[in-house]
Amino acid sequence: MDFKFTFAFQPIVDVLDQSVFAYEALVRGVEQQSAWSILSRVNEKNRYSFDQICRVKAVKLASRLGMQSRLSINFMPNAVYQAEYCIRTTLAAAQTYNFDTRKIIFELVEGEDVTSTDHLVSIIKAYQGMGFSTAIDDFGAGFSRYNILTASPPDLLKLDMALVRNIHQEPNKQAVVNGIITMMSQLGGRIVAEGVETVAEYAWLKSRGVSLFQGYLFARPGFESLPEPVFPDI
């Protein structure tokens with residue numbers, strides 16, 4: 001590839017015990033450029049190598065920073081032709097940098113344009129079978145993949161920030177999110193509310209039993225660092 005990149009890390013917090021549940025690795029340019037400045041350069045020719053290098057870089061940097069929590073890495077389904085083969089690089093990196101693979105979460109971005117549900121389900125099942133946790137990111141941002149949830153429920157479902165924003169004062173959003181919370185509870189998974197920015201949003205979601213949160217209210221992403229979260233007193 002003809003471009004370089006690195007990561008910022010943002011904590012996903014568990015408010016039940018005020019701990020860091022995981023850090024999500026967010027792509028950045030080496031001079032702190034935005035994720036879009038990097039992701040916009042990914043195409044069919046370099047997608048596989050970019051996806052593989054992302055995994056190695058994220059594991060290497062997490063290990064260097066002494067990360068003790070889980071590490072959440074976004075993956076590109078279109079770059080995974082067969083999960084068992086494409087995971088080899090990740091396993092090798094984890095061994096090289098002494099990072100426990102049981103602490104790795106693979107996040108599927110819902111907006112990823114993948115036509116084959118069977119392909120997505122096969123990846124999720126394969127990763128879970130290897131001991132990795134899986135998550136669907138930005139749930140509710142576009143076409144919600146209920147077919148994946150019924151075929152192979154992920155461990156985590158991340159509510160898109162559009163659903164979270166001002167949820168304390170929007171009954172329609174509340175109805176939708178209440179349904180998602182009930183659904184994931186019955187599927188045996190957990191909800192992550194991402195993009196939480198206000199105490200009012202946090203308080204409403206917490207009152208509904210959500211315990212995993214991510215957003216500026218707790219911590220902004222730290223460039224090549226692991227920011228310590230702040231927990232609002234409510």
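Me: A salt bridge is a side-chain nitrogen of Lys or Arg within 4 Å of a carboxyl oxygen of Asp or Glu. Which residues are linked in a network of salt bridges here?

Reply: The network of salt bridges links E24, E107, K158 and E194. Please note that the model is predicted: local features need pLDDT of at least 70 and side-chain atom pairs pLDDT 80 or more, while totals for chains, interfaces and linings use all residues. Residues are numbered from 1 along each chain as its sequence is written, and side-chain values use heavy atoms, without hydrogens and water.

Me: How many salt bridges does the rule give in total, and which residue meets R41 in one of them?

Reply: Side chains of opposite charge can pair when their charged atoms come close. The count for this structure is 10 salt bridges. In one of them, R41 meets D2, with N and O 3.9 Å apart. This pair links distant parts of the chain, since R41 lies in the loop between α1 (35-39) and α2, whereas D2 lies in the segment before β1 (6-14), 39 residues away. Helices (H or I, at least four residues) and strands (E, at least two) are DSSP runs, numbered from the N terminus.

Me: How is the accessibility of R41 and D2 to be read?

Reply: A residue is buried under 20% relative accessible area, exposed over 50%, and partly exposed in between (1.4 Å probe, protein chains only). R41 has 39% and is therefore partly exposed, while D2 has 66% and is therefore exposed.

Me: Are R55 and D51 buried or exposed, and where do they lie?

Reply: Both R55 and D51 are buried. They lie in helix α2, four residues apart, which is about one turn of the helix.

Me: Which residue forms a salt bridge with R102?

Reply: R102 pairs with D100, and their closest N and O atoms are 3.0 Å apart. With a relative accessible area of 62%, R102 is exposed; D100, at 28%, is partly exposed.

Me: How many aromatic pairs does the structure hold?

Reply: A pair of aromatic rings is described by the distance of the centres and the angle of the planes. Rings of Phe, Tyr and Trp (its six-membered ring) pair if their centres lie within 6.5 Å; planes under 30 degrees apart are stacked, over 60 edge-to-face, and the rest tilted. The structure holds 14 such pairs. F5 and F7 form an edge-to-face pair, because their centres are 6.1 Å apart and their planes stand at 85 degrees. F5 and F7 are buried. F106 and F132 are also edge-to-face, because their centres are 5.1 Å apart and their planes stand at 65 degrees. F106 is in strand β4 (residues 104-109) and F132 in the loop between α5 (117-129) and β5 (133-139), so the pair ties together parts 26 residues apart in sequence. Both F106 and F132 are buried.

Me: Which residues do ring pairs link into a cluster?

Reply: The cluster consists of F3, F5, F7, F9 and F50.

Me: Where does Y216 lie?

Reply: Y216 lies in the loop between β8 (212-214) and β9 (222-223). Its relative accessible area of 42% makes Y216 partly exposed. Y216 and P229 are 13 residues apart in sequence, and their C-alpha atoms are 9.3 Å apart in space.
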